[in-house]
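Please look first at the sequence and the model shown here. The report that follows goes through the pairing of the chains, the packing of helices and a sheet.

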Number of protein chains: 2
Amino acid sequence: MEDKLTKFRKLLGEISDLQSTGAVLGWDQQTYMPSGGAEGRAMQLATISRLAHEKFISDEIGMILEDLEPEAEALDYESDEACLVRQVSREYKKQCKVPSSWVAEFSRVTTLAQQAWQKAKAESDFPQFKPHLEEIVKLRRQYAGFFAPFDNVYDPLLDDFEPGMKTAEVKGVFDELRPQQTELVRAIADCGTAVDNSMLYREYPIQKQWDFGVEVIKKLGFDFERGRQDKSAHPFTTSFGLGDVRITTHFDPNYIGRSLYGTVHEAGHAMYEQGIGVSLRRMPIAQGASLGIHESQSRMWENIIGHSHAFCIAFYPRLQEYFPENLGDTDLESFYRAINKVETSLIRILADEATYNLHIMLRFDIELALMEGSLEVAELPEAWNSKMEEYLGLTPPDDGQGVLQDVHWSGGMIGYFTTYALGNLIASMFWEKMKEDIPDIEGQIERAEFSEILGWLRRNIHCHGAKFKPMELIERVTGSSLVSEPYMLYLQTKFGEIYRL
Amino acid sequence: MEDKLTKFRKLLGEISDLQSTGAVLGWDQQTYMPSGGAEGRAMQLATISRLAHEKFISDEIGMILEDLEPEAEALDYESDEACLVRQVSREYKKQCKVPSSWVAEFSRVTTLAQQAWQKAKAESDFPQFKPHLEEIVKLRRQYAGFFAPFDNVYDPLLDDFEPGMKTAEVKGVFDELRPQQTELVRAIADCGTAVDNSMLYREYPIQKQWDFGVEVIKKLGFDFERGRQDKSAHPFTTSFGLGDVRITTHFDPNYIGRSLYGTVHEAGHAMYEQGIGVSLRRMPIAQGASLGIHESQSRMWENIIGHSHAFCIAFYPRLQEYFPENLGDTDLESFYRAINKVETSLIRILADEATYNLHIMLRFDIELALMEGSLEVAELPEAWNSKMEEYLGLTPPDDGQGVLQDVHWSGGMIGYFTTYALGNLIASMFWEKMKEDIPDIEGQIERAEFSEILGWLRRNIHCHGAKFKPMELIERVTGSSLVSEPYMLYLQTKFGEIYRL
């Protein structure tokens with residue numbers, strides 16, 4: 001078995017090199033590449049990802065897996081080797097079910113769809129985008145078909161982002177959450193408590209924003225020896241291996257919240273990647289367990305920790321020193337309330353903690369209906385607007401600020417949005433558990449001491465990489481399946497206090 | 001034939017994607033990569049370059065070449081297709097002669113040798129490096145053997161950098177040049193004319209150096225839409241394709257010459273790459289014709305143009321505006337003399353125009369003797385020091401400032417140095433021709449007008465990429481084979497004037 005494992009690891013290591021090389025190409029494209037490089041870069045990326053894919057679905061991998069699978073079953077379930085074989089086998093079988101003709105067609109359709117979406121969004125003209133989305137929905141239904149039989153046609157899509165998770169589970173949790181969360185938002189809107197956040201929208205010089213952000217994430221535990229930060233239009237985290245995990249930040253010179261919480265959010269993703277166990281290095285399980293688990297990390301740091309009162313105690317005085325002209329007249333309590341102002345809005349990426357999941361549940365409902373065939377693409381704007389009214393009490397003035405606002409669908413990503421909301425739920429579940437294990441957690445945050453918190457995350461979550469399926473991991477850490485109570489309780493407590501409900 | 005050519009181009013395009021991807025990895029490694037990324041990056045680079053090599057020496061390429069070669073001979077000799085088949089066939093046959101066991105051994109030996117060299121240089125201790133260099137010389141003689149029969153054992157090594165060039169040609173030209181160049185240097189040393197360049201060694205803030213350099217190379221014609229500049233410890237130029245050619249600069253806060261002329265030198269390389277004809281895009285001939293031709297471009301811009309009196313007229317007043325506190329008291333004539341100060345020195349990379357080639361000829365003599373077997377590695381320090389005395393009248397105080405100063409040999413690169421001197425000779429040959437074609441060339445430089453000069457270079461040299469062998473290209477442009485007279489005449493005229501010889 002040793003020989004086969006060595007060969008298996010060698011093949012996977014090469015594929016991993018190709019994938020991380022593709023990540024370098026993507027990072028450069030979004031940070032430093034001059035405009036003239038676009039055409040060449042598209043070809044480089046296409047070649048690299050094609051080679052990685054071909055090598056992964058090769059007969060060579062298939063034959064080794066056939067040999068290794070029965071042997072791996074005899075190993076300790078939690079061992080690196082058993083997990084590696086199990087997870088690769090799962091992914092291999094999935095990818096082999098998808099014909100390369102479908103992959104080529106999907107790539108062709110989504111490339112055109114993304115161009116069409118950009119124009120349609122700019123011109124707020126849904127009909128331009130409609131035929132493209134229709135093709136995408138058709139292709140995605142076809143994709144689901146490759147994995148038949150299934151309980152729900154949405155299951156195979158969700159599985160790409162949350163391995164093993166079922167639509168019914170998500171639906172169950174969302175159905176519980178929805179009425180409570182809409183009620184909370186309504187109560188806040190009706191309570192009459194006004195929160196002023198105008199001081200966040202003053203002129204904040206970018207270099208000082210940068211310096212403060214670096215100071216914060218260094219304290220949190222982002223390792224600059226094994227990572228770096230750059231600027232980009234859309235913030236993202238990317239990993240080139242355990243020793244090189246990079247984040248990017250977008251800076252708004254007239255709003256401090258964007259860069260500060262964007263940086264903390266991405267650092268949350270990056271610390272996850274930096275914390276993966278070194279024994280998993282260069283293996284396909286040297287990554288996050290799922291998008292939802294990844295979001296649980298970024299959102300825990302950004303929201304539960306970053307938007308907490310204790311965090312303000314730790315960092316607000318320092319922020320005032322950076323920007324005395326903007327914040328000298330704002331006391332800590334007012335700042336804490338300002339960063340937690342709740343306001344229903346049309347745009348998901350600008351949404352606050354209390355309303356965010358409603359934006360996601362709206363998209364989940366629509367995706368599900370599209371996939372199940374109970375909603376036609378042509379009916380989408382109307383469905384969007386009526387859900388928007390139902391969940392958030394708002395009606396978009398045009399489709400650019402409505403159904404066309406997000407890039408995801410044009411790229412063929414159906415099932416992705418859901419992971420954002422799952423991330424919030426999972427973060428609260430982990431947080432509950434962590435609070436039990438670290439009774440002094442609030443005091444530690446107040447003193448800007450994060451080593452015990454990061455240590456807990458590393459030990460319980462990060463080090464495992466993708467050894468376990470997300471639900472397995474949640475169960476291991478919390479002893480429970482996915483539930484909405486901790487999240488709802490967290491929101492109710494926090495905003496109940498701020499808005500004196 | 002069309003079908004075969006299309007397939008040929010497709011295969012070569014993929015290889016080109018892999019190579020340019022490797023270039024991105026290398027660029028990032030030297031500019032932005034955090035230290036923790038080193039181990040992963042080495043593996044990514046190894047995988048990418050191995051895949052590119054395997055794809056190039058594949059039977060598939062071999063079989064298509066067999067079909068295409070006779071058909072390509074019927075095409076116009078200068079057509080893209082004929083040149084492509086000819087050049088790829090040449091390279092393919094070369095690479096197929098080298099057994100992969102040799103490549104692996106060479107890679108192993110040079111990796112260790114580079115580590116050993118770093119330590120040996122730091123400790124100025126040649127014996128530490130000696131066994132490594134002995135292995136390299138042995139491997140390089142073995143390498144030459146794969147290409148037997150040859151006129152000179154050094155020929156196959158030279159051919160890797162200057163396709164088609166013979167040792168005898170280089171030797172002939174160097175033998176002519178050596179006595180004249182040593183005589184010129186001696187005459188300058190003996191003439192008693194003193195040149196003060198102390199104003200170059202004042203405190204020059206790096207951001208201002210950066211801004212001035214950008215202003216200069218924009219005027220020269222470096223296209224920032226299809227390229228960019230970054231900082232690195234060792235300056236270099238790298239191309240990711242015709243639309244993305246990048247340079248790096250090293251800044252010395254206490255010396256303006258380093259960044260200014262480093263930037264112009266690299267921009268010279270980069271404008272060559274940016275000028276390659278678009279019909280060659282993504283083909284292996286979309287690169288410079290050879291290292292010597294490449295150096296002819298960088299050195300023409302850096303030295304012949306950049307160190308000229310006309311260039312000072314164009315840019316010195318602007319430089320004074322950038323640094324009035326450093327240069328306010330230096331007139332143009334004094335500045336022109338300062339940047340052209342001749343001083344024999346031990347270190348090649350610090351050498352001025354008049355002494356530079358002597359450093360190269362010394363290395364050429366030694367490489368040739370090592371390869372021919374008339375010199376043992378053990379005798380190297382002594383040979384180096386006595387040549388140094390003979391050519392430059394200096395004796396290194398230690399081997400760190402002598403035989404250990406350059407990285408090249410530790411990387412197994414024997415034959416590479418020669419191209420630096422060839423670049424100087426070729427630059428002067430091109431320059432002679434250009435002066436005939438552009439009579440007002442000096443006036444144009446004085447007015448900072450470079451479009452006609454760059455246009456001439458693009459038309460006559462750049463657009464061809466590597467369609468022709470370097471000597472073919474020289475012959476096409478100048479109507480002559482490689483000669484030393486234009487270079488020697490250039491040096492004698494310029495320095496005769498400055499030093500009133």
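## Terms and numbering

Axes are lines fitted to C-alpha atoms, for helices over the stretch in contact, and angles run from 0 to 180 degrees between N-to-C directions. Helices (H or I, at least four residues) and strands (E, at least two) are DSSP runs, numbered from the N terminus.

This is a predicted model, in which local features need pLDDT of at least 70 and side-chain atom pairs count only at pLDDT 80 or more, while totals for chains, interfaces and linings use all residues. Residues are numbered from 1 along each chain as its sequence is written, and chains are lettered from A and ligands numbered from 1 in the order in which they are written.

## Helices that pack

In chain B, the axes of helix α17 (residues 418-437) and helix α21 (residues 485-498) cross at roughly 85 degrees and come within 7 Å. The helices α17(B) and α21(B) are therefore roughly perpendicular to each other, a term that covers angles of 65 to 115 degrees. Among the residues that meet here are B:Leu425 and B:Met429 in α17(B), and B:Tyr487 and B:Tyr490 in α21(B); contact requires C-beta atoms, placed from the backbone, to lie within 7 Å.

In chain A, helix α8 (residues 167-190) and helix α21 (residues 485-498) pack at an angle of about 10 degrees, with their axes 11 Å apart. That makes α8(A) roughly parallel to α21(A), the word used for angles under 35 degrees.

## How the two chains meet

Chain B can be laid on chain A by a turn of 180 degrees and a shift of 0.0 Å along the axis, with an RMSD of 0.0 Å, where copies are superposed by least squares on the C-alpha atoms of residues with pLDDT of at least 70 in both. The two copies are thus related as by a two-fold rotation axis.

The contact takes 31 residues from chain B and 31 residues from chain A. On the side of chain B that touches chain A, α1(B) gives the most, with 8 residues. Because 100% of the interface residues of chain B are also interface residues in chain A, the copies meet through the same surface.

## A sheet in chain A

In chain A, 3 strands form an open sheet of mixed pairing in the order β1-β3-β2, where two strands pair if DSSP finds at least two bridges between them. The edge strands, each pairing on one side only, are β1 (227-231) and β2 (237-239) of chain A.

Note on methods: Two residues are in contact if their C-beta atoms, placed from the backbone, lie within 7 Å. Angles under 35 degrees count as roughly parallel, over 145 as roughly antiparallel, 65 to 115 as roughly perpendicular and the rest as oblique.
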